[in-house]
Each structure stands twice: as structure tokens, then as C-alpha cells.
Amino acid sequence: MSTIPDLRAEAARLLHTNRYLTLGTASPEGAPWTTPVTYAWDDADHFYWWSASDAVHSRNIAANPAVSLLVFDSQVSDAEAQALYGEGTAHALAPADLPTALAVFYARRYPDPAVRARKARKPAEFQGDSPKRFYCATIHTYSALTPDPHPVHGNTVPHRLVFPFTTAWAKAYEPGEPGT
């Protein structure tokens, strides 16, 4: 039987060890769209990325803020597969919110201060006439694959379990630490 601490630890590991998430959006008519984005997260269930303001997913978010996300390790075998799923809402950040979001994003992406100083971008690059915008998704529901038998199909198919999680728990994760 999987345990919530095990799922939380695996979710934290996935967040710390992956550079991309798959972002799911839908047009106002319901046409689905997924795209990989490089991301960072804070301790309040916010996920940040930047994109072109005219990208399909950016236009979808402007018209329909409902989003999903998926963080997974594509390098493991089927037997070791795990993923963190999230559902929430997203929006382009207002200029006043950019300094905090950029600080979170670049600190997580580039922990070395010297590298961060070279790579970090200024708020002006994501507002006004710039074609780039910075986005934030607030995730309200998390789920993960569970090794427990499916309630109807037993061990024939894997299934997801909604579980209590917050990115604040992921902050304390240390690789190799069981059951964080």
C-alpha cells in the first residue's frame, strides 16, 4: 500500500530533479494543447515560466485560465515510472509581480549566484512591447501514480491518486532522504 509520505517524497524528488514540465491548456472551444516549459516553483504552489505572448498556450491561458501540469522522469523504466500531476489556473503576471517571480525563477534555475547574475533577466524583458511574458500557474489539486491496485481493475492498469501536497513540503526535500 502506498503512503502519503511516499507520494510526497516522490513528488518533491520530481520537482527538484526535472527542468521541464508539460503544460496543458485548452482553447475557449475546448481544443487541447500541451507544451513543455522550463519552470520553477515557490513554496505556495505557484509554478513560473516564460513564453511568447502569442504562443498557443499563452493565447489559451488568456482566454481560458484552467491548466494542468505534468512533471515526470522520462529516463526510467515503465516499472519505475512516476509523475506528479497538477490542476489549477494560470495567468500572465502583472509588472508589479515580476520582481518576486523572477527572483524565485532564477534562484531555482541557477542556484550558483555567479551563474544567476549572468543568466537572470530583468522585468522589462517581460512587459510592454516585448513579445515575452512571464506566467504563473497556481496548482490546487495534486495527484500521482500509485502502486496500489486499481479499485476496479486490480493490478491490470496503473492509476492516479489525489493526495494532499504542497510545494512547501518539497522545499525540505533532500535527495536520498526517505519519506520526507
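The model is a predicted one, in which local features need pLDDT of at least 70 and side-chain atom pairs count only at pLDDT 80 or more, while totals for chains, interfaces and linings use all residues. Residues are numbered from 1 along each chain as its sequence is written, and side-chain values use heavy atoms, with hydrogens and water left out.

Leaving aside neighbours within four places in sequence, Trp-33 is in contact (heavy atoms within 4.5 Å) with Leu-23, Gly-24, Thr-25, Val-56, His-57 and Asn-60. Between Trp-33 and Val-67 there are 34 residues of sequence separation and a C-alpha to C-alpha distance of 9.9 Å.

Asn-60, one of the contacts of Trp-33, is placed in helix 2 and is buried, with a relative accessible area of 7%. Not counting residues up to four places away in sequence, Asn-60 touches Thr-25, Ala-26, Ser-27, Ala-31 and Trp-33. The buried residues of helix 2, which spans residues 56–63, are His-57, Ser-58, Asn-60 and Ile-61. They lie on the same side of helix 2 because they cover an arc of only 160 degrees around the axis, the arc being that of the directions from the helix axis to the C-beta atoms. What covers these buried residues includes strand 1 (20–26), strand 2 (32–38), strand 4 (46–52), strand 5 (66–72), strand 6 (83–92) and strand 7 (132–146).

Strand 5 contains Ala-66, which counts as partly exposed at 41% relative accessibility. Ala-66 touches Gly-24, Thr-25 and Gly-88 when residues up to four places away in sequence are not counted, and its C-alpha atom lies 9.3 Å from that of His-91, a residue 25 places away in sequence.

In soluble globular proteins, nonpolar side chains tend to be buried together. A nonpolar core is taken here as a set of buried Ala, Val, Leu, Ile, Met, Phe, Trp, Tyr and Cys residues joined through side-chain atoms within 4.5 Å. The largest such core has 27 residues, and those with the most contacts inside it are Leu-15, Leu-21, Phe-47, Trp-49, Leu-84, Phe-163 and Phe-165. The elements that give two or more residues to this core are helix 1, strand 1, strand 4, strand 5, strand 6 and strand 7. Leu-21 touches Thr-35, Pro-36, Val-37, Tyr-39, Phe-47, Leu-69, Leu-70 and Val-71, residues up to four places away in sequence not being counted. A second, separate core of eleven residues includes Ala-101, Tyr-106, Phe-126 and Cys-136.

The structure holds four salt bridges, each defined by a side-chain nitrogen of Lys or Arg within 4 Å of a carboxyl oxygen of Asp or Glu. In one of them, Glu-10 and Arg-13 bring their closest N and O atoms to 2.6 Å; being three residues apart in helix 1 (residues 4–17), they are separated by about one helical turn. Glu-125 meets Arg-121 in a salt bridge at 3.9 Å, N to O, and Lys-132 in another at 3.3 Å. Through these shared partners, salt bridges join Arg-121, Glu-125 and Lys-132 into one network.

Taken as a whole, the protein comes to five helices and eight strands, and from the N terminus on its elements run α-β-β-β-β-α-β-β-α-α-β-β-α. Buried residues make up 38% of the 180 residues, and among contacts between residues at least 6 apart in sequence, 66% join residues at least 24 apart.

Conventions
Buried means under 20% relative accessible area, exposed over 50%, partly exposed in between (1.4 Å probe, protein chains only). Helices (H or I, at least four residues) and strands (E, at least two) are DSSP runs, numbered from the N terminus.
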